[in-house]
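Hi,

Here is the structure I promised to send over. Have a look at it first, and then read my notes below.

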Amino acid sequence: MIKIRREVCGYCGACVSVCPNGALELIDAFLTVDNDNCTNCGICAKICPLGALEIEDEKPL
Amino acid sequence: MKNHYDVLIVGGGPGGALAAKTVAENGLSVCIVEKRPAIGVPVRCAEGIGEDLLHEFLEVDPKWISAKMESAKIVSPDGSEIKLTPKMAGSEVGYVLDRKVFDRDLVRQAANAGAEVYVKARVSDAIIQDGIVKGARIEYMGDTADVTAEVVIAADGVESKFARWCGIDTTVPMREIETCAQYIMTDIDIDPHETVFYVGNNISPEGYAWIFPKGDRMANVGIGISGKMSGDGHRARDYLDKFVETTFPKGKKIELILGGVSTCRPLKCTVADGLIIIGDAARVSDPITGGGIYNAMYTGRLAGEVASECIKKKNCSRAALMKYDTMWRNSKMGRALERNYHLKELFITLDDKKLNAILNSVKSINMAKFNTMTLISELIKHNPKAMLIKELAALKKLID
(Lines give C-alpha, C1' and ligand atoms only; values in the text may rest on other atoms or scores of the structure.)
Protein backbone atom coordinates (compact mmCIF):
# COMPACT_ATOMS: atom_id res chain seq x y z
CA MET A 1 0.00 0.00 0.00
CA ILE A 2 0.95 3.62 -0.44
CA LYS A 3 1.83 5.77 2.53
CA ILE A 4 1.37 9.49 2.10
CA ARG A 5 3.78 11.65 4.05
CA ARG A 6 1.45 14.61 4.55
CA GLU A 7 4.18 16.74 6.08
CA VAL A 8 6.20 16.41 2.85
CA CYS A 9 3.41 16.48 0.21
CA GLY A 10 3.16 19.70 -1.76
CA TYR A 11 -0.37 18.81 -3.01
CA CYS A 12 0.53 19.45 -6.64
CA GLY A 13 -1.45 16.54 -8.10
CA ALA A 14 1.31 15.19 -10.35
CA CYS A 15 0.88 11.73 -8.78
CA VAL A 16 -2.86 11.79 -9.45
CA SER A 17 -2.25 12.24 -13.19
CA VAL A 18 0.03 9.19 -13.53
CA CYS A 19 -1.92 6.70 -11.40
CA PRO A 20 -3.09 4.01 -13.83
CA ASN A 21 -5.90 2.98 -11.48
CA GLY A 22 -7.25 6.32 -10.40
CA ALA A 23 -6.46 5.39 -6.82
CA LEU A 24 -5.19 8.85 -5.84
CA GLU A 25 -7.21 11.99 -5.39
CA LEU A 26 -6.30 15.51 -4.37
CA ILE A 27 -9.15 16.78 -2.24
CA ASP A 28 -8.69 20.52 -1.84
CA ALA A 29 -5.23 20.54 -0.30
CA PHE A 30 -4.79 16.98 0.87
CA LEU A 31 -3.97 13.83 -1.02
CA THR A 32 -5.89 10.61 -0.46
CA VAL A 33 -5.28 7.09 -1.64
CA ASP A 34 -7.86 4.36 -2.17
CA ASN A 35 -5.78 1.36 -1.16
CA ASP A 36 -8.41 -1.01 -2.56
CA ASN A 37 -7.59 0.28 -6.05
CA CYS A 38 -3.85 0.75 -5.54
CA THR A 39 -1.72 -1.98 -7.11
CA ASN A 40 1.56 -0.86 -5.52
CA CYS A 41 3.02 -0.09 -8.96
CA GLY A 42 5.14 2.69 -7.43
CA ILE A 43 4.85 5.15 -10.31
CA CYS A 44 3.48 7.90 -8.05
CA ALA A 45 6.30 7.40 -5.55
CA LYS A 46 8.89 7.61 -8.32
CA ILE A 47 7.65 10.79 -9.97
CA CYS A 48 6.73 12.83 -6.86
CA PRO A 49 8.83 16.04 -6.98
CA LEU A 50 9.29 15.89 -3.21
CA GLY A 51 9.30 12.21 -2.26
CA ALA A 52 6.02 12.37 -0.34
CA LEU A 53 4.83 8.88 -1.29
CA GLU A 54 6.23 5.60 -0.05
CA ILE A 55 5.33 2.04 -0.84
CA GLU A 56 4.78 0.12 2.35
CA ASP A 57 4.83 -3.63 2.53
CA GLU A 58 1.56 -5.20 3.58
CA LYS A 59 1.71 -6.01 7.26
CA PRO A 60 1.52 -9.76 7.90
CA LEU A 61 -1.74 -10.81 9.54
CA MET B 1 -26.60 26.30 -6.01
CA LYS B 2 -29.39 25.18 -8.33
CA ASN B 3 -29.96 21.53 -9.14
CA HIS B 4 -29.70 22.10 -12.92
CA TYR B 5 -27.66 24.27 -15.26
CA ASP B 6 -27.23 24.32 -19.00
CA VAL B 7 -23.49 23.92 -18.46
CA LEU B 8 -21.59 22.80 -15.36
CA ILE B 9 -17.86 23.48 -15.30
CA VAL B 10 -15.55 21.46 -13.09
CA GLY B 11 -12.59 23.68 -12.20
CA GLY B 12 -12.02 27.44 -12.03
CA GLY B 13 -8.70 27.87 -13.85
CA PRO B 14 -8.26 29.96 -17.01
CA GLY B 15 -9.87 27.25 -19.19
CA GLY B 16 -12.95 26.91 -16.99
CA ALA B 17 -13.26 30.69 -16.70
CA LEU B 18 -13.16 31.26 -20.48
CA ALA B 19 -15.67 28.45 -21.02
CA ALA B 20 -18.02 29.91 -18.40
CA LYS B 21 -17.78 33.44 -19.76
CA THR B 22 -18.50 32.22 -23.29
CA VAL B 23 -21.56 30.21 -22.22
CA ALA B 24 -22.89 33.10 -20.10
CA GLU B 25 -22.49 35.50 -23.01
CA ASN B 26 -24.61 33.09 -25.05
CA GLY B 27 -27.43 33.65 -22.57
CA LEU B 28 -27.33 30.18 -21.05
CA SER B 29 -27.09 29.20 -17.39
CA VAL B 30 -23.63 28.14 -16.27
CA CYS B 31 -21.93 27.28 -13.01
CA ILE B 32 -18.25 26.90 -12.10
CA VAL B 33 -17.39 24.64 -9.18
CA GLU B 34 -13.87 24.98 -7.79
CA LYS B 35 -12.62 22.64 -5.08
CA ARG B 36 -10.18 25.12 -3.62
CA PRO B 37 -11.33 27.85 -1.26
CA ALA B 38 -9.76 30.49 -3.53
CA ILE B 39 -9.36 30.93 -7.28
CA GLY B 40 -5.77 31.03 -8.51
CA VAL B 41 -4.05 29.52 -5.48
CA PRO B 42 -1.95 27.61 -4.87
CA VAL B 43 -0.14 28.50 -8.11
CA ARG B 44 1.18 25.49 -10.03
CA CYS B 45 2.78 27.32 -12.92
CA ALA B 46 5.89 29.14 -14.19
CA GLU B 47 3.48 31.87 -15.37
CA GLY B 48 5.04 32.64 -18.77
CA ILE B 49 2.90 33.38 -21.85
CA GLY B 50 3.64 34.81 -25.29
CA GLU B 51 2.59 38.38 -25.90
CA ASP B 52 0.49 37.59 -28.99
CA LEU B 53 -1.17 34.64 -27.26
CA LEU B 54 -2.63 36.62 -24.39
CA HIS B 55 -3.87 39.43 -26.64
CA GLU B 56 -5.85 36.97 -28.72
CA PHE B 57 -8.42 36.56 -25.95
CA LEU B 58 -8.64 39.64 -23.85
CA GLU B 59 -7.70 43.20 -23.33
CA VAL B 60 -4.66 42.81 -21.12
CA ASP B 61 -4.98 44.36 -17.70
CA PRO B 62 -1.61 45.64 -16.38
CA LYS B 63 -2.35 44.21 -12.94
CA TRP B 64 -2.12 40.65 -14.33
CA ILE B 65 1.47 41.19 -15.39
CA SER B 66 4.40 40.65 -13.03
CA ALA B 67 6.98 41.47 -15.68
CA LYS B 68 7.29 42.14 -19.42
CA MET B 69 9.86 40.14 -21.35
CA GLU B 70 11.96 41.68 -24.10
CA SER B 71 14.40 38.85 -24.81
CA ALA B 72 15.29 35.29 -23.95
CA LYS B 73 18.49 33.35 -23.42
CA ILE B 74 19.26 29.66 -23.79
CA VAL B 75 22.20 28.29 -21.84
CA SER B 76 23.72 25.08 -23.20
CA PRO B 77 25.22 22.32 -21.04
CA ASP B 78 28.75 23.71 -21.47
CA GLY B 79 27.60 27.14 -20.31
CA SER B 80 27.61 28.97 -23.64
CA GLU B 81 24.63 31.19 -24.35
CA ILE B 82 22.35 32.11 -27.22
CA LYS B 83 20.55 35.41 -26.92
CA LEU B 84 17.17 35.63 -28.61
CA THR B 85 15.90 39.09 -29.43
CA PRO B 86 12.84 40.27 -31.36
CA LYS B 87 13.22 41.90 -34.80
CA MET B 88 11.93 45.12 -33.28
CA ALA B 89 14.42 45.87 -30.53
CA GLY B 90 12.80 46.71 -27.20
CA SER B 91 9.36 45.35 -28.12
CA GLU B 92 7.68 42.94 -25.76
CA VAL B 93 7.79 39.24 -26.57
CA GLY B 94 6.02 37.81 -23.57
CA TYR B 95 4.71 38.25 -20.09
CA VAL B 96 5.29 36.62 -16.77
CA LEU B 97 1.84 36.67 -15.25
CA ASP B 98 0.72 36.95 -11.67
CA ARG B 99 -1.56 33.92 -11.79
CA LYS B 100 -3.09 34.67 -8.41
CA VAL B 101 -4.46 37.91 -9.82
CA PHE B 102 -4.97 36.71 -13.39
CA ASP B 103 -7.02 33.60 -12.60
CA ARG B 104 -9.21 35.43 -10.14
CA ASP B 105 -9.87 38.20 -12.63
CA LEU B 106 -10.88 35.75 -15.36
CA VAL B 107 -13.38 34.11 -13.02
CA ARG B 108 -14.62 37.55 -11.99
CA GLN B 109 -15.22 38.33 -15.68
CA ALA B 110 -17.13 35.07 -16.07
CA ALA B 111 -19.20 35.88 -12.97
CA ASN B 112 -19.93 39.39 -14.24
CA ALA B 113 -21.09 37.88 -17.52
CA GLY B 114 -23.64 35.85 -15.56
CA ALA B 115 -21.89 32.65 -14.48
CA GLU B 116 -22.47 31.30 -10.98
CA VAL B 117 -19.32 30.41 -9.06
CA TYR B 118 -18.89 28.16 -6.04
CA VAL B 119 -15.55 27.75 -4.29
CA LYS B 120 -14.63 24.99 -1.87
CA ALA B 121 -17.20 22.99 -3.81
CA ARG B 122 -15.75 19.62 -4.64
CA VAL B 123 -16.96 17.36 -7.40
CA SER B 124 -16.70 13.81 -6.05
CA ASP B 125 -18.24 11.81 -8.90
CA ALA B 126 -19.87 11.95 -12.29
CA ILE B 127 -23.60 11.31 -12.75
CA ILE B 128 -24.02 8.97 -15.68
CA GLN B 129 -27.30 7.59 -17.01
CA ASP B 130 -27.46 5.13 -19.92
CA GLY B 131 -23.85 5.99 -20.75
CA ILE B 132 -24.61 9.72 -20.99
CA VAL B 133 -22.91 12.24 -18.69
CA LYS B 134 -25.76 13.99 -16.89
CA GLY B 135 -24.00 16.03 -14.23
CA ALA B 136 -21.86 15.82 -11.12
CA ARG B 137 -22.10 14.96 -7.46
CA ILE B 138 -20.93 17.99 -5.52
CA GLU B 139 -19.85 18.24 -1.91
CA TYR B 140 -20.48 21.74 -0.66
CA MET B 141 -20.59 23.10 2.87
CA GLY B 142 -20.98 19.67 4.39
CA ASP B 143 -23.81 18.62 2.07
CA THR B 144 -23.78 16.42 -0.99
CA ALA B 145 -25.90 17.49 -3.97
CA ASP B 146 -26.48 16.03 -7.40
CA VAL B 147 -26.37 18.79 -10.00
CA THR B 148 -27.43 18.00 -13.54
CA ALA B 149 -26.45 19.78 -16.75
CA GLU B 150 -26.92 19.51 -20.50
CA VAL B 151 -23.14 19.59 -20.85
CA VAL B 152 -20.41 19.14 -18.25
CA ILE B 153 -17.06 20.72 -19.10
CA ALA B 154 -14.16 18.96 -17.36
CA ALA B 155 -11.61 21.68 -16.63
CA ASP B 156 -10.04 19.99 -13.63
CA GLY B 157 -6.42 20.38 -14.64
CA VAL B 158 -3.56 17.92 -14.56
CA GLU B 159 -5.36 15.56 -12.16
CA SER B 160 -8.16 15.10 -14.71
CA LYS B 161 -10.38 13.06 -12.41
CA PHE B 162 -13.79 13.94 -13.84
CA ALA B 163 -13.16 12.42 -17.28
CA ARG B 164 -11.80 9.35 -15.52
CA TRP B 165 -15.04 9.03 -13.55
CA CYS B 166 -16.80 9.15 -16.93
CA GLY B 167 -14.82 6.10 -18.04
CA ILE B 168 -12.13 7.90 -20.05
CA ASP B 169 -8.55 6.92 -19.29
CA THR B 170 -6.61 10.13 -18.67
CA THR B 171 -3.49 8.48 -17.22
CA VAL B 172 -0.28 10.28 -18.20
CA PRO B 173 2.55 7.83 -19.00
CA MET B 174 5.35 8.01 -16.44
CA ARG B 175 7.91 9.10 -19.03
CA GLU B 176 5.58 11.89 -20.19
CA ILE B 177 4.94 13.68 -16.93
CA GLU B 178 7.32 16.54 -16.30
CA THR B 179 7.69 16.64 -12.56
CA CYS B 180 8.45 20.22 -11.57
CA ALA B 181 9.64 22.29 -8.63
CA GLN B 182 9.97 26.05 -8.50
CA TYR B 183 10.90 28.75 -6.02
CA ILE B 184 9.91 32.35 -6.15
CA MET B 185 13.30 33.83 -5.35
CA THR B 186 14.18 37.33 -4.37
CA ASP B 187 17.36 39.35 -3.91
CA ILE B 188 18.92 37.77 -7.02
CA ASP B 189 20.94 39.35 -9.83
CA ILE B 190 18.89 38.97 -13.00
CA ASP B 191 17.91 40.89 -16.09
CA PRO B 192 14.29 41.72 -15.15
CA HIS B 193 13.15 41.63 -18.79
CA GLU B 194 14.81 38.42 -19.97
CA THR B 195 13.71 34.80 -19.56
CA VAL B 196 16.53 32.27 -19.27
CA PHE B 197 16.36 28.57 -20.15
CA TYR B 198 19.01 26.01 -19.18
CA VAL B 199 19.24 22.64 -20.87
CA GLY B 200 21.47 19.68 -20.09
CA ASN B 201 21.19 16.21 -18.71
CA ASN B 202 22.98 17.08 -15.48
CA ILE B 203 20.85 20.17 -14.90
CA SER B 204 17.42 18.84 -15.84
CA PRO B 205 17.25 15.45 -17.61
CA GLU B 206 14.63 15.49 -20.38
CA GLY B 207 13.46 18.92 -19.33
CA TYR B 208 14.82 22.37 -18.67
CA ALA B 209 15.47 24.82 -15.90
CA TRP B 210 14.05 28.33 -16.11
CA ILE B 211 14.36 31.81 -14.72
CA PHE B 212 11.19 33.83 -15.34
CA PRO B 213 11.55 37.32 -13.85
CA LYS B 214 8.78 38.63 -11.63
CA GLY B 215 10.24 42.10 -11.24
CA ASP B 216 13.56 43.62 -10.19
CA ARG B 217 15.72 41.04 -8.40
CA MET B 218 12.83 38.56 -8.20
CA ALA B 219 11.94 35.55 -10.36
CA ASN B 220 10.28 32.17 -10.71
CA VAL B 221 13.26 29.82 -10.66
CA GLY B 222 12.24 26.31 -11.54
CA ILE B 223 13.02 23.00 -13.08
CA GLY B 224 11.17 20.18 -14.78
CA ILE B 225 12.41 16.64 -15.35
CA SER B 226 10.83 13.59 -16.91
CA GLY B 227 9.06 11.29 -14.47
CA LYS B 228 11.24 8.43 -15.64
CA MET B 229 14.39 10.31 -14.54
CA SER B 230 12.97 10.98 -11.06
CA GLY B 231 13.69 8.94 -7.95
CA ASP B 232 15.03 9.04 -4.42
CA GLY B 233 17.85 11.58 -4.15
CA HIS B 234 17.31 12.88 -7.69
CA ARG B 235 13.83 14.34 -7.69
CA ALA B 236 12.76 17.68 -9.22
CA ARG B 237 13.32 19.38 -5.85
CA ASP B 238 16.85 17.92 -5.62
CA TYR B 239 17.75 19.17 -9.10
CA LEU B 240 16.27 22.57 -8.28
CA ASP B 241 18.25 22.89 -5.07
CA LYS B 242 21.44 21.99 -6.93
CA PHE B 243 20.65 24.53 -9.65
CA VAL B 244 19.84 27.29 -7.18
CA GLU B 245 22.93 26.55 -5.09
CA THR B 246 25.17 27.23 -8.09
CA THR B 247 23.12 29.94 -9.82
CA PHE B 248 21.81 32.05 -6.93
CA PRO B 249 23.65 30.93 -3.77
CA LYS B 250 22.67 34.09 -1.90
CA GLY B 251 19.08 34.31 -3.15
CA LYS B 252 16.13 33.93 -0.81
CA LYS B 253 13.28 31.55 -1.46
CA ILE B 254 9.94 33.06 -0.59
CA GLU B 255 7.62 30.45 -2.09
CA LEU B 256 7.83 26.78 -3.07
CA ILE B 257 5.68 25.69 -6.00
CA LEU B 258 5.25 22.11 -7.24
CA GLY B 259 3.48 20.70 -10.24
CA GLY B 260 3.13 18.12 -12.94
CA VAL B 261 2.94 18.97 -16.65
CA SER B 262 1.93 16.39 -19.20
CA THR B 263 4.04 16.14 -22.36
CA CYS B 264 2.06 13.27 -23.88
CA ARG B 265 -0.27 13.48 -26.84
CA PRO B 266 -3.74 14.90 -26.14
CA LEU B 267 -6.53 12.49 -25.15
CA LYS B 268 -7.62 10.44 -28.16
CA CYS B 269 -11.09 11.94 -27.89
CA THR B 270 -11.99 15.00 -25.83
CA VAL B 271 -15.78 14.65 -25.91
CA ALA B 272 -18.41 12.12 -24.84
CA ASP B 273 -22.19 12.24 -24.63
CA GLY B 274 -22.80 15.33 -22.49
CA LEU B 275 -19.10 15.93 -21.78
CA ILE B 276 -16.30 18.17 -23.09
CA ILE B 277 -12.75 17.98 -21.72
CA ILE B 278 -10.47 21.04 -21.95
CA GLY B 279 -7.01 22.34 -21.05
CA ASP B 280 -4.57 20.29 -18.96
CA ALA B 281 -7.37 17.79 -18.25
CA ALA B 282 -7.47 17.05 -21.99
CA ARG B 283 -3.64 16.84 -22.01
CA VAL B 284 -3.24 19.79 -24.36
CA SER B 285 -0.31 21.44 -22.60
CA ASP B 286 2.57 22.04 -25.00
CA PRO B 287 4.91 19.01 -25.00
CA ILE B 288 8.07 21.04 -25.63
CA THR B 289 7.56 24.21 -23.57
CA GLY B 290 5.12 22.85 -21.00
CA GLY B 291 3.01 25.97 -21.54
CA GLY B 292 -0.67 25.39 -20.89
CA ILE B 293 -2.39 28.72 -20.24
CA TYR B 294 -3.10 29.63 -23.85
CA ASN B 295 -4.18 26.12 -24.81
CA ALA B 296 -6.53 25.94 -21.83
CA MET B 297 -8.07 29.31 -22.71
CA TYR B 298 -8.35 28.38 -26.37
CA THR B 299 -10.03 25.03 -25.72
CA GLY B 300 -12.14 26.59 -22.94
CA ARG B 301 -13.57 29.27 -25.18
CA LEU B 302 -14.17 26.78 -27.99
CA ALA B 303 -15.87 24.36 -25.59
CA GLY B 304 -18.13 27.19 -24.43
CA GLU B 305 -19.07 28.04 -28.01
CA VAL B 306 -19.75 24.47 -29.11
CA ALA B 307 -21.65 23.59 -25.92
CA SER B 308 -23.86 26.67 -26.32
CA GLU B 309 -24.59 25.87 -29.94
CA CYS B 310 -25.40 22.23 -29.19
CA ILE B 311 -27.68 23.14 -26.27
CA LYS B 312 -29.60 25.60 -28.46
CA LYS B 313 -30.02 22.84 -31.05
CA LYS B 314 -31.05 20.42 -28.25
CA ASN B 315 -28.42 17.85 -29.19
CA CYS B 316 -25.48 17.34 -26.84
CA SER B 317 -24.52 13.89 -28.05
CA ARG B 318 -20.93 12.88 -28.57
CA ALA B 319 -21.43 13.24 -32.32
CA ALA B 320 -22.69 16.82 -31.96
CA LEU B 321 -20.00 17.84 -29.46
CA MET B 322 -17.38 16.26 -31.73
CA LYS B 323 -17.27 19.59 -33.55
CA TYR B 324 -15.18 20.86 -30.61
CA ASP B 325 -12.68 18.00 -30.88
CA THR B 326 -12.33 18.36 -34.64
CA MET B 327 -11.97 22.14 -34.48
CA TRP B 328 -9.17 22.29 -31.93
CA ARG B 329 -7.26 19.43 -33.56
CA ASN B 330 -7.34 21.25 -36.90
CA SER B 331 -6.51 24.62 -35.37
CA LYS B 332 -3.09 26.24 -35.34
CA MET B 333 -2.85 25.16 -31.70
CA GLY B 334 -3.73 21.53 -32.48
CA ARG B 335 -1.22 21.35 -35.30
CA ALA B 336 1.47 22.92 -33.09
CA LEU B 337 0.77 20.29 -30.42
CA GLU B 338 1.34 17.45 -32.86
CA ARG B 339 4.53 19.01 -34.27
CA ASN B 340 5.88 19.89 -30.84
CA TYR B 341 5.22 16.35 -29.68
CA HIS B 342 7.62 15.08 -32.33
CA LEU B 343 10.04 17.84 -31.40
CA LYS B 344 9.92 16.73 -27.76
CA GLU B 345 10.50 13.09 -28.72
CA LEU B 346 13.65 14.24 -30.55
CA PHE B 347 14.78 16.63 -27.82
CA ILE B 348 14.82 13.93 -25.14
CA THR B 349 17.23 11.82 -27.21
CA LEU B 350 19.90 14.56 -27.33
CA ASP B 351 22.89 14.06 -25.07
CA ASP B 352 24.90 17.04 -23.83
CA LYS B 353 27.44 16.74 -26.63
CA LYS B 354 24.73 17.10 -29.24
CA LEU B 355 22.98 19.90 -27.35
CA ASN B 356 26.29 21.78 -27.21
CA ALA B 357 26.91 21.22 -30.90
CA ILE B 358 23.48 22.52 -31.85
CA LEU B 359 23.53 25.50 -29.49
CA ASN B 360 27.18 26.52 -29.75
CA SER B 361 27.85 27.90 -33.19
CA VAL B 362 25.56 30.92 -32.85
CA LYS B 363 25.64 33.67 -30.22
CA SER B 364 22.48 35.58 -30.97
CA ILE B 365 19.36 35.20 -33.04
CA ASN B 366 17.00 37.86 -34.24
CA MET B 367 13.52 36.40 -34.18
CA ALA B 368 10.72 37.59 -36.47
CA LYS B 369 8.28 35.65 -34.30
CA PHE B 370 8.92 34.45 -30.78
CA ASN B 371 8.01 30.79 -30.81
CA THR B 372 9.58 27.34 -30.80
CA MET B 373 9.35 26.78 -34.53
CA THR B 374 11.00 30.10 -35.40
CA LEU B 375 13.78 29.22 -32.99
CA ILE B 376 14.31 25.80 -34.56
CA SER B 377 14.35 27.12 -38.11
CA GLU B 378 16.74 29.91 -37.11
CA LEU B 379 19.01 27.37 -35.39
CA ILE B 380 19.09 25.30 -38.54
CA LYS B 381 19.75 28.35 -40.71
CA HIS B 382 22.60 29.57 -38.47
CA ASN B 383 24.06 26.15 -38.02
CA PRO B 384 25.17 24.60 -41.30
CA LYS B 385 27.73 22.48 -39.46
CA ALA B 386 25.26 21.19 -36.93
CA MET B 387 23.10 20.03 -39.81
CA LEU B 388 25.44 17.07 -39.81
CA ILE B 389 23.65 16.01 -36.67
CA LYS B 390 20.94 13.71 -37.84
CA GLU B 391 18.50 14.89 -35.21
CA LEU B 392 18.66 18.43 -36.52
CA ALA B 393 18.05 17.20 -40.02
CA ALA B 394 14.99 15.40 -38.69
CA LEU B 395 13.81 18.65 -37.12
CA LYS B 396 14.06 20.37 -40.45
CA LYS B 397 11.62 17.88 -41.85
CA LEU B 398 9.11 18.85 -39.19
CA ILE B 399 9.26 22.45 -40.29
CA ASP B 400 9.23 21.93 -44.07
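**What I found**

Pro42(B) sits in the loop between β2 (30-34) and β3 (48-50) of chain B; helices (H or I, at least four residues) and strands (E, at least two) are DSSP runs, numbered from the N terminus. Before I go on, note that this is a predicted model, in which local features need pLDDT of at least 70 and side-chain atom pairs count only at pLDDT 80 or more, while totals for chains, interfaces and linings use all residues. Residues are numbered from 1 along each chain as its sequence is written, chains are lettered from A and ligands numbered from 1 in the order in which they are written, and side-chain values use heavy atoms, with hydrogens and water left out.

Back to that loop. The peptide bond joining Val41(B) and Pro42(B) is cis, with omega at about -10 degrees. The loop between β2 and β3 of chain B also holds Glu47(B), which has a positive phi of about 75 degrees despite not being a glycine. Glu47(B) is buried, at 3% relative accessible area (buried means under 20%, exposed over 50%, partly exposed in between, with a 1.4 Å probe and protein chains only).

Next, the strands around β15(B). Strand β15 (residues 218-226) of chain B is mostly covered, with eight of its nine residues buried. Strand β12 (residues 177-186) of chain B runs antiparallel to β15(B), and nine bridges join them; two strands pair if DSSP finds at least two bridges between them. In that pairing, Cys180(B) is opposite Gly224(B) of β15(B). Strand β14 (residues 208-215) of chain B also pairs with β15(B) in the antiparallel sense, over seven bridges, and there Trp210(B) has Gly222(B) as its bridge partner. The hairpin of β14(B) and β15(B) has two residues between the strands. Arg217(B) is in that loop and, although not a glycine, has a positive phi of about 60 degrees. Arg217(B) is partly exposed, with a relative accessible area of 36%.

Cys41(A) counts as partly exposed, at 42% relative accessibility.

Helix α8 (residues 332-347) of chain B has 16 residues and reaches 22 Å from its first C-alpha to its last, close to the 22 Å expected at 1.5 Å a residue (the expected span is 1.5 Å times one less than the number of residues). The buried residues of α8(B) include Met333(B), Leu337(B) and Tyr341(B).

Finally, the largest nonpolar core has 78 residues, and Phe162(B), Leu275(B) and Ile276(B) touch the most other members. A nonpolar core here is a set of buried Ala, Val, Leu, Ile, Met, Phe, Trp, Tyr and Cys residues joined through side-chain atoms within 4.5 Å. Helix α6 (residues 293-312) of chain B gives this core its largest share, 10 residues.

Cheers
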